[in-house]
Amino acid sequence: MTSQHESAPALPEKHYLSGAWSPQDWLLTKDHKRIGILYLVGISIFFALGGLMAVLIRMELATPSGDLMPADVYNRVFTMHGVLMVFFFLIPSIPAVLGNFLLPIMIGAKDLAFPKINLLSWYIYMIGGAMTFYGLLVGGIDTGWTFYTPLSSGYATGPVLTVAVGVFIAGFSSILTGLNFIVTIHRMRAPGLTWFRLPLFVWGHYATSIIQILGTPVVAITILLVGAERLFHIGVFDPKIGGDPILFQHLFWFYSHPAVYIMILPSMGVVSEIIAAFSRKKVFGYKFVAFASIGIAVLGFLVWGHHMFTSGQSLYAGAVFSFITMLVAVPSAIKVFNWTATLYKGAIAWDTPLLYALGFIGLFTIGGLTGVMLGTLGFDLHVHDTYFVVAHFHYVMVGGAILGFLGGLHYWWPKITGKLYNEFWSKISAGIIFIGFNLTFFPQFILGYLGMPRRYHSYPEEFQVLNILSSAGASILGIGFVIPVIYLLASLANKRYAGNNPWGAVGLEWQIPSPPPTENFETPPVVTDEPYTYPQPDEKEAPVGV
Amino acid sequence: MSENSTLAHHFDSYAQQKESASLGMWVFISQEIMFFGGLFLAYTIYRWRFPEAFAYSSNELDIGLGLFNTIVLIGSSLTMALAVRNAALGEKNGTVRNLILTMLLGSVFLVVKGFEYAHKWQHHLIPGPNFQFSGPDPVHAQLFFVLYFSMTGLHALHMIVGLGILAWLTAQAAKGRFTPENHNYVEGVGLYWHFVDIIWIFLFPLLYLFGRHHLT
Ligand SMILES: [Cu+2]
C-alpha cells in the first residue's frame, strides 16, 4: 500500500490527461481511461438528444388534445426517444464509461486485454449513433423502439433501414466491450486477486458481459432479418409466405429483456461500492451479492415471454414465464437486503454518491416490485401497454440505471479528473432529481392503472391532472440533469485537487494518484486481502443478526 | 525485452497474452453461435410447421455440389490446422503454403456456391414475385428459399471476411511476424475458420439432405 501522508493534495506531475492532446492522441488512443472519456462524450450527446425527445413528449401530453404535433410526428418522437436512450445511452452508459475506466484499475491491470478492440468498439458505437442521428434528422421512424414486424418490415414510413442498421452496428460495440471485460477479468487479475477478492463492481460487469455476449447477437440477427425483409419485400417474418411476426417478438425479447440487466447490473455494482465506502463496512454477505449478479443474468434469459402475455402464446408458456419472472425477484431482493444490512450500524458519511445510492435502492425497489406485479399473468392482462408499464420500466431504467450512473460518476469523478466538484450543488441536484423523477413517473402508475394506454398523443380529459403532474415533474427532472453538467464542468477549472483518496475508501483504484498515470500502477500491485476491509472502531466482529 | 518484442506492453508474459487471445476468440465464437442461432431457430420452427413444402424445396438443391463443397471445406480446415502447426514450430514457408492452400479451397467453395445461386436464379427459385415452384405448397416453399439464401448467404459472408483476414495473415506470415512464442493471430484465425466450417457442416444436412427420402 502506498499511503504517503497528504497535507495539501497536489496534481501528480504525469497522468493520463497530461500527455499529448492533439486530435489523434485522443481519437487513436488505446488507453482504456481515455476511451472511457470518449464514451462519456458520446453517451452525453445521445442522452441530450433522447432527453430532447422526452421534453417534446411531456409537452404534448400536458393537454388532453393532440395539439402540439400530429399523431404521426408523436409516434416518431417517442420512437426516437426510446431508440436513443436504450441503445445509445443506457446500454453503454456504465460499462463503457465507468467500467472501461475502472475495471482494469480495480483488478490491478495496465489496460484491458484488447486495447485496440476497445477503441474499435467506440468507433462502431459512434458510427451506429451517427446513422441513427441521420435517421432522426431526415424525419425519424415510427416503429417504436421495439421494431415490431410487420409494422417495421412493411408498413412503417421513414428511414427504418438506416436506424435498424445503426442499432445493429451499435450492438457490436456492446459485444466487443463484453468480450474485452470477460477476457480481462479472467486473465489480467493482479497476483493474489482471487475471484472472491474482486470488488462487486467487477462481478456486476462480469455478469453484464455474459448477457452482452449471449444476448446481443440474437437481436443483431433479428434486426438484420427485419432489414432484409424491408429491403427485399419478403422475409422470414412475412405472414404472406407463412412467416410468423410472433417469432420476431420471441427473438427480440430474448435479448431485450436481459438488456434491462445490461443496464441494471453495472448499476448495482456501483451501488455496492458506494454503500461500502460511505458506511465504512464490508458489504454484508459479499458472496450472496456476487452470485446474485450471476443469478440475475442467468434467470434473465428465461423470462422474455412476459412481454408477450397478450400476443397469443400458450397459457402454459405464459404461466411458466410468469413464475420464472417472479424468481428474478429473489436475487434482486438479496441485493437490496444486503445493502441495507451493510448500512446498518455503519459509520455513515452523507456524501453525494451515497445519496444517489440510497435513491437507487428506493426507486429500484419500487421498479422491481411493480415488475413482479407485471410478471403476474392476470394483472398484466389488465395493464398491458398502459402507462403502468411505462412507469415501471422508467423506475428501473431511470431510477435504477441512471441514478447508479450518476452516483458512480460522482464517486469516481475525483479519481477520473483529479478535481472535487461543488458539494452543495451536487447534493441539491441529487435531491431535485429524486423529487422530479418521482413526480414524473409515480402519477404514471396511477394513469396506467386507470387505463391510459401508452403511445397516444391525446387522452380523455379525466387524465389531465395526473399528466400535468408528470409533465411538471419532468421539468424538475430536466433541471436536475442540467445542474450536474454545470458544476462538473466547472470543477475542471477548480484549483482544489482531490488527492488520491478523498473519500478514504479502500480498493486498488484509490491507492493510485488522481488522475491515474497512463500505465495505472508504477509497481504491479499484489492483493493480500478481501475487498472492503475498512478498519472498524471496535475490532469486534461485524454485527450478526438484529 | 528487445525493441521489436511481440509482447504487448500490458501483458506480463507470453503465456498470459496467448491465453487472453485464445479466450477472446472463444468468447467471440460464442457470440457467433448465438448470431447464427436466431436463423437456426427460425429454420427449425418453419420446417416443423411446413414439412411438405420444405421437403420438396430441399429436393431442388444440388446434393452433388453440396457434397463437393462440404469436402472442399473440410479440406480447407485441414490445411488451416496444418498452418497453425507450422506456425507453432516456426516454419515460415510451411505456414505461408498452407494458408494459401486454405484460401484456394475457400475460394473454390465460394465459386461453386455462386454457380448454385445462379442456377436457382435461372429456375426462378428466388423468393418474390417471379418465384415459380412446381411442387406442392409453393407459397411456403418461398419461406424455405428465404431461409436457404439467408443462411448460406450469411455463411458465405463469413467466408469472404475470412478470406480477407487470411490474405492479411499470409502477408504477415511471409514477413516472418510469427514466432513459436507468439503466433496468436494464426491460432485465432484458425479457430474462426473452423467455426465457419462447422456452421456449414450443420447447414448441409439441414438444407440439402433432411426429409428428402420421403419423396422417393
Ligand atoms: Cu422483461
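**View 1. A:Asp244 pairs with B:Arg49 in a salt bridge across the two chains, with the closest N and O atoms 3.0 Å apart.** A salt bridge here is a side-chain nitrogen of Lys or Arg within 4 Å of a carboxyl oxygen of Asp or Glu. Between chain A and chain B the count is two salt bridges. On the chain A side, helices H6 (160–187), H7 (200–232) and H8 each supply at least two of the residues that touch chain B; helices are DSSP runs (H or I) of at least four residues, numbered from the N terminus. In all, 36 residues of chain A are in contact (heavy atoms within 4.5 Å) with 33 residues of chain B.

A quick note on what you're looking at: this is a predicted model, where local features need pLDDT of at least 70 and side-chain atom pairs count only at pLDDT 80 or more, while totals for chains, interfaces and linings use all residues. Residues are numbered from 1 along each chain as its sequence is written, chains are lettered from A and ligands numbered from 1 in the order written, and side-chain values use heavy atoms, leaving out hydrogens and water.

**View 2. Three histidines hold the copper ion.** The protein donors are A:His257 (ND1), A:His306 (NE2) and A:His307 (NE2), lying 1.8 to 2.0 Å from the copper ion. Donors are N, O and S atoms within 2.8 Å of the metal (3.2 Å for Na, K and Ca); water is not among the atoms, so sites may look incomplete. A:His257 lies in helix H8 (residues 245–279) and A:His306 in the loop between helix H9 (286–300) and helix H10 (315–343), so the pair ties together parts of chain A that are 49 residues apart in sequence. Both A:His257 and A:His306 are buried, meaning under 20% relative accessible area, with exposed over 50% and partly exposed in between (1.4 Å probe, protein chains only).

**View 3. A:Asp72 and A:Arg76 meet in a salt bridge (3.3 Å, N to O).** The two sit four residues apart in helix H3 of chain A, so about one helical turn separates them. A:Asp72 is partly exposed at 39% relative accessibility, whereas A:Arg76 is buried at 13%. Together with A:Asp142, A:Asp72 and A:Arg76 are linked in a network of salt bridges.

View 4. Leaving aside neighbours within four places in sequence, A:Thr79 is in contact with A:Ile141, A:Asp142, A:Thr143, A:Gly144 and A:Trp145.
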